[in-house]
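Q: I would like to learn how to read aromatic ring pairs in a model. Could we go through them in this one?

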Amino acid sequence: MENTGSRGGGHRLMRRMGSIRTTAIGLGTMGLAIEKKPGRQESIDIIHTALDAGCRHIDTAWAYYESGGEEQAAEKLVKAALETWDGPRGEVTVATKAGHFRNFTDGRPTWGIDGRPESLIRYAKQSAAVLSVEAIDLLYFHRPDPKVPYAESIEAMKSLYD
């Protein structure tokens, strides 16, 4: 862990995660995109405020969207916020996840799991496209799928990494 100055002249704690260097404190975007979320501009303003305060780690997921809403809503907010932020985009790490999806079949939102290799690869590619990046900074396997051998899911994640 290291200390470094932030844009506002203060200090922020940095961490290394493999080859990635980012702030120890990040901003999660689930609450900006699922039920009871703030409005779009308020959500973008929240992301901007975190970035202006020195946060350089944004966490999102393909599955962060509300019932009846647009899929990948949080990833789309992150993209819009980064496109309209006047700070150093190259300092920001965006982490996203694949392997989870939303279920709304019984009238209330629940979380489904899909760890099939083809699904993980498809969702990761969709995330990269929405975020407008060649490669995702940090991609998580959201949750193991008990119906899929773990090694198969991890092999798909490795193929994405390679």
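**Aromatic pairs**

A: There are four aromatic pairs in this structure, which is a predicted model. Rings count as a pair if their centres lie within 6.5 Å.

Q: How are the rings of Trp62 and Tyr123 arranged?

A: Planes under 30 degrees apart count as stacked, over 60 as edge-to-face and the rest as tilted. The planes of Trp62 and Tyr123 stand at 50 degrees, so this pair is tilted, with ring centres 4.4 Å apart.

Q: Which parts of the chain does that pair tie together?

A: Trp62 is in the loop between strand S5 (57–59) and helix H2 (73–84), while Tyr123 belongs to helix H3 (residues 117–131), so the pair joins parts 61 residues apart in sequence. Both Trp62 and Tyr123 are buried.

Q: What is the geometry of Tyr64 and Trp111?

A: Their planes are at 80 degrees, so the pair is edge-to-face; the ring centres are 6.2 Å apart. This pair also links distant parts of the chain, 47 residues apart: Tyr64 in the loop between S5 and H2, and Trp111 in strand S8 (residues 110–113).

Q: Is Tyr64 buried or exposed, and what does Trp111 count as?

A: Buried means under 20% relative accessible area. Tyr64 has 7%, so Tyr64 is buried. Trp111 has 33% relative accessibility, so Trp111 counts as partly exposed.

Q: Which residues do ring pairs link into a cluster?

A: Trp62, Tyr65 and Tyr123 form that cluster.

Q: Which residues lie over the faces of Trp111 and Tyr123?

A: Arg102 lies over the face of Trp111, 4.3 Å from the ring centre. Over the face of Tyr123 lies Arg122, at 4.8 Å from the ring centre.

Terms used
Residues numbered from 1 in each chain as written. Predicted model: local features only at pLDDT ≥ 70, side-chain atom pairs only at ≥ 80, totals over all residues. Heavy atoms only, no water. Phe/Tyr/Trp six-rings, centres within 6.5 Å; stacked < 30°, edge-to-face > 60°. Helix = DSSP H or I, 4+ residues; strand = E, 2+ residues; numbered from the N terminus. Buried < 20%, exposed > 50% of the residue type's maximum accessible area, 1.4 Å probe, protein only. Lys NZ or Arg CZ within 6 Å of the ring centre and 35° of its normal.
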